[in-house]
Amino acid sequence: MRSLVTTHAPLNRPLGAIADDERALRMIAALSAGGDARITLCPEMGLNKYLSAPHPREVLAYSSSTVSDISAEAFAHLLALDEAGEDATYREQLTALSGRILAAYGIGHDAALVFAPSGTDLEYIALAAVHGRGEEGVHNILLGADEIGSGCIHSAHGRYFARETALIDDVAPALDVPGFGAISLVDIPVRCERGMACTSAEISAAMAAEIAQAKVAGKHSLVHCVHGSKTGLVLPNRTDLMALMMQFSGDATFVVDACQARITSEAVAEYLDLGCIVLMTGSKFMGAPPFNGWALLPKTMVAGARALPSGFASIFRRAEFPETWDGRDQLPESGNPSLVLRLTAAVFELERFQQIAMIDIERMIEAFECALTRHVIEPLGASRVSPDKGAMAQDCPIEMRTLATLDVSGIAGLRTFEDAQRVHRVLALDGVRLGQPVKCVQLDEGWGGTLRIGLSMPQMSRWAGLDAGEMQAELASDMARIAAALQHSLTKMA
């Protein structure tokens, strides 16, 4: 077993010759720009606030449910493109990337795509799509805010969520983005007080009640569904979603949060065919460096949308929106080359992954689940958080089985959510990156400790070139290292 790294400097140093390559160092700087403060690297550690880096490095990473480092292959791809030179304009680059994303998912030309500098910014796009549909404004119905992202509470309210955007450095968090009008907000929890996931029927009933009340108040509802929450939930199910859409046709628009990117091509197409907006990011399961994202919308929705809010000129650039969206011309003509780089890395990984046969994907997931159980769950006395009431992990959609949420509250030193947060950070700085703890295990004294272990597209693309024995051996070694690292961290903190 390879020994754990215990000092920060070697851990954060780029792999191999990258550290001494001026062109590679410029690429690292570019990948850390063009966003809000979350993307900025700490001068002392060389990492962003999520303890990830925009360059390949020597860490053991199963952290795709939170954020990913760029793979060595994607980084080399960006360097090769940089060396070849690129004369295309920002608009031409984004148009090409849009076409590649649609092609990768097998989506026809009846869908439109809007780019954003982060998943949090995507919420503004969904709000813009329904802006002006209700005489008294928009009623935004979130689903499980604890299972999506903290900044989304502000952006879902049509407010700035940080002190800067990808365009300007002097906005005030929680201040309204100009031009949105009235937006009310409610969050429907996806888990009960004991931490158990609600059923699709329970979620649908709560959504229906909110939409009905909003209709009476003269508001149009923007209703959030989730396809792959922080713990892999899919709510509501397709049957219940279709029933809600039929019941409230014209009174509600549905947006699917698929920002984890744990979603099949078939599911993306089905949501768009139903008339939903689909939000995705490339920095989690997809494996690109943060931050980047896109919204997929039916073209008819874009054609019927009101003019973009005036405040969008402080958040988005013109080329990031389809030419047919009214009000696009008010956005600045400037480009964001850093965003193009991150998106290019995401599309590179997406296209590689989409070439893997489903039978091979299933083989990898089964090997992952076996190694996880044998080398982490059983030796440590952990358990796997059930994705739904009465459901087993193997009952989940195939894409959700790439992520496991572990209840570690029974392990000394990991009992509480705060304990797990501390250990998670120690692990990350010792070279083992897992997904951040989430609040889904309820104890008598509060939230219990959890950790998440997730696969990524780059990992699975590499495993596709290995035979079954090699892949299983690597997974067994990785899971054993994770278990050893947990025990080591707990000993160090004792």
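Trainee: At roughly what angle do the axes of helix α13 and helix α15 cross?

Mentor: This is a predicted model. Helix α13 spans residues 417-429 and helix α15 spans residues 468-493. Their axes come within 10 Å, and the crossing angle is roughly 110°.

Trainee: How is α13 oriented relative to α15?

Mentor: Angles of 65 to 115 degrees count as roughly perpendicular. The axes of α13 and α15 cross at roughly 110°. The orientation of α13 to α15 is therefore roughly perpendicular.

Trainee: Is the crossing of α13 and α15 left-handed or right-handed, and how many residues of the contact are nonpolar?

Mentor: α13 passes α15 in a crossing that is right-handed. From α13, Arg 422, Val 423, Val 426 and Leu 427 meet residues of α15 including Leu 486, Leu 490 and Met 493. One residue of this contact is polar and two are charged, while the number of nonpolar residues is seven.

Trainee: How are α3 and α11 oriented to each other?

Mentor: Helix α3 (residues 72-84) packs against helix α11 (residues 337-353) with the axes 10 Å apart. The angle between them is about 125°, and 65 to 115 degrees would count as roughly perpendicular, over 145 as roughly antiparallel. The two helices are therefore oblique.

Trainee: Which residues of α3 meet α11, and how many residues of the contact are charged?

Mentor: On the α3 side, the residues are Glu 73, Ala 74, His 77, Leu 78 and Leu 81. Their partners in α11 include Phe 348, Glu 349 and Arg 352. The contact has six nonpolar and two polar residues, and the number of charged ones is three.

Notes:
Residues numbered from 1 in each chain as written. Predicted model: local features only at pLDDT ≥ 70, side-chain atom pairs only at ≥ 80, totals over all residues. Heavy atoms only, no water. Axes fitted to C-alpha atoms, helices over the stretch in contact; angles between N-to-C directions. Helix = DSSP H or I, 4+ residues; strand = E, 2+ residues; numbered from the N terminus. Parallel < 35°, antiparallel > 145°, perpendicular 65-115°, else oblique. Contact = heavy atoms within 4.5 Å. Nonpolar A, V, L, I, M, F, W, Y, C, P; charged D, E, K, R; others polar. Left-handed = near helix turned anticlockwise from the far one by under 90°.
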